[in-house]
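Subject: Structure handover

Hello,

Please find the structure below. My notes on what was found in it come after.

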Amino acid sequence: MARTIVITGASDGIGAAAAKMLAYPGDQLVVVGRSPHKTKAIADELEADSFITDFTDLGQVRELAAGLAEKYPRIDVLANNAGGIMAGREVTKDGHEKTFQVNHLAPFLLTTLLVEQLVASRATVINTSSMANRFMAKFDINDLDAAKKYSANAAYGNAKLANILFTRELQRRYGDHGISAAAFHPGVVASGFSAESNGVVKLAYGSLARRFMLSPAQGADTLVWLATSVPGEDWTPGEFFSRRKVARANPLAYRADLALGLWEQSAAMVAG
């Protein structure tokens, strides 16, 4: 049966690589990106549909959800891949810290707006996280927008931990209704995710270091595996994966009360 596969952050890096690997004949591939030029180029190459959405604007995320719901009767795979690490603390037009909004709030909003369709389609939801959740996160459920204390690395680590907490709570709420959720670490990939950062992170992802990094296609491998294999048989829903295997996350990732609290606070933050 033909499937509809939606990939965000698909104009470059891991998302573009995954899109190329998932462009099967007969399936409907939908690529979502921020750059009109890059997104169109990928869509044209793969004969895919495309949507332009900037995750720093939750209004655009709502428009994306409405557009997807209207155009596609079913969505079999939703890959929430858009994200990045920022240089300094910025507040979006929605009033949220930019790293947290782009990496967590926007995909949370997109997924929850589409949840009835995802349930009906028995969809797989894949969230791109990172091992940064283990060593960068300084998670404070009462300061999700990092208004009290901010560092670029901690903001990124917190957002990647949020991806896993969201995955686990999504599975708890909707797993029995048909959704299979997973988060994964792509590895240290030579991509443009750090383009808006500076200092140590940007230096670490510089041209010299890139020689030792994974290619975007290698980084996309686990995403593609999750999208094409059978949840419950080939992998366990609700888990965090690396290299196609369950990986150890930050101890906070396994706290059900924190996952619930993040869900409730995220819902309040995107309400409107």
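This is a predicted model: local features need pLDDT of at least 70, side-chain atom pairs count only at pLDDT 80 or more; totals for chains, interfaces and linings use all residues.

In helix H11, the buried residues are Thr-222, Leu-223, Val-224, Trp-225, Leu-226 and Ala-227. Buried means under 20% relative accessible area, exposed means over 50%, and partly exposed lies in between (1.4 Å probe, protein chains only). Helices (H or I, at least four residues) and strands (E, at least two) are DSSP runs, numbered from the N terminus.

Residues are numbered from 1 along each chain as its sequence is written, and side-chain values use heavy atoms, with hydrogens and water left out.

Strands

Strand S5 (residues 124–128) is mostly covered, with 5 of its 5 residues buried. Thr-124, Ile-126 and Thr-128 point one way from S5, Val-125 and Asn-127 point the other way, and all are buried. Two strands pair if DSSP finds at least two bridges between them. Strand S4 (residues 77–80) runs parallel to S5 and is joined to it by 4 bridges. S5 also pairs with S6 in the parallel sense, over 5 bridges. Asn-127 in S5 stands opposite Asn-80, and its bridge partner in S6 is Ala-183.

Ala-183 lies in strand S6 and is buried, with a relative accessible area of 0%. Leaving out residues up to four places away in sequence, Ala-183 touches Asn-127, Ser-129, Asn-163, Ile-164, Thr-167, Glu-239, Phe-240 and Phe-241. The C-alpha atoms of Ala-183 and Ala-123 are 14 Å apart, and the two residues are 60 residues apart along the chain.

Nonpolar cores

A nonpolar core is a set of buried Ala, Val, Leu, Ile, Met, Phe, Trp, Tyr and Cys residues joined through side-chain atoms within 4.5 Å. The largest one has 51 residues, and Leu-68, Leu-110, Leu-118, Phe-139 and Leu-262 touch the most other members. At least two residues of this core come from each of strand S2 (28–33), helix H3 (58–71), helix H4 (98–113), helix H5 (115–121), H7, strand S6 (180–185) and helix H12 (256–270). H4 gives the largest share, 7 residues. Not counting residues up to four places away in sequence, Leu-68 touches Val-6, Val-30, Phe-51, Ile-75, Leu-110, Leu-114 and Gln-117. A second, separate core has 28 residues, among them Ile-5, Ala-10, Val-31 and Ile-126.

Loops

Which residues other than glycine have a positive phi? Ala-146 is one of them, at about 50°, and Arg-244 is another, near 65°. Most residues other than glycine have a negative phi, and most peptide bonds are trans. Ala-146 lies in the loop between helix H6 (132–135) and helix H7 (152–174), and it counts as buried because its relative accessibility is 11%. Arg-244 is in the loop between strand S7 (240–242) and strand S8 (245–246), and it counts as partly exposed because its relative accessibility is 41%.

Thr-56 lies in the loop between strand S3 (49–52) and H3, and at 18% relative accessibility it counts as buried. Its side chain makes a polar contact of 2.8 Å with that of Asp-54. A polar contact is a pair of N or O atoms within 3.5 Å; within protein, one must be able to donate a hydrogen and the other to accept it, and residues adjacent in sequence count only if both atoms are side-chain atoms.

On a 1 Å grid over the protein atoms alone, a cavity is a set of points where a 1.4 Å probe fits but cannot get out, and a pocket is an open set with protein on both sides within 12 Å along at least five of seven lines; lining residues have an atom within 4 Å of a point. Grid points are joined across faces, edges and corners, and a volume is the space filled by probe spheres set on the points. The second largest pocket has a volume of about 260 Å³. Among its 14 lining residues, Lys-138, Ala-146, Lys-149, Ala-154 and Asn-158 lie nearest its centre.

Regards

Technical notes:
Contact means heavy atoms within 4.5 Å.
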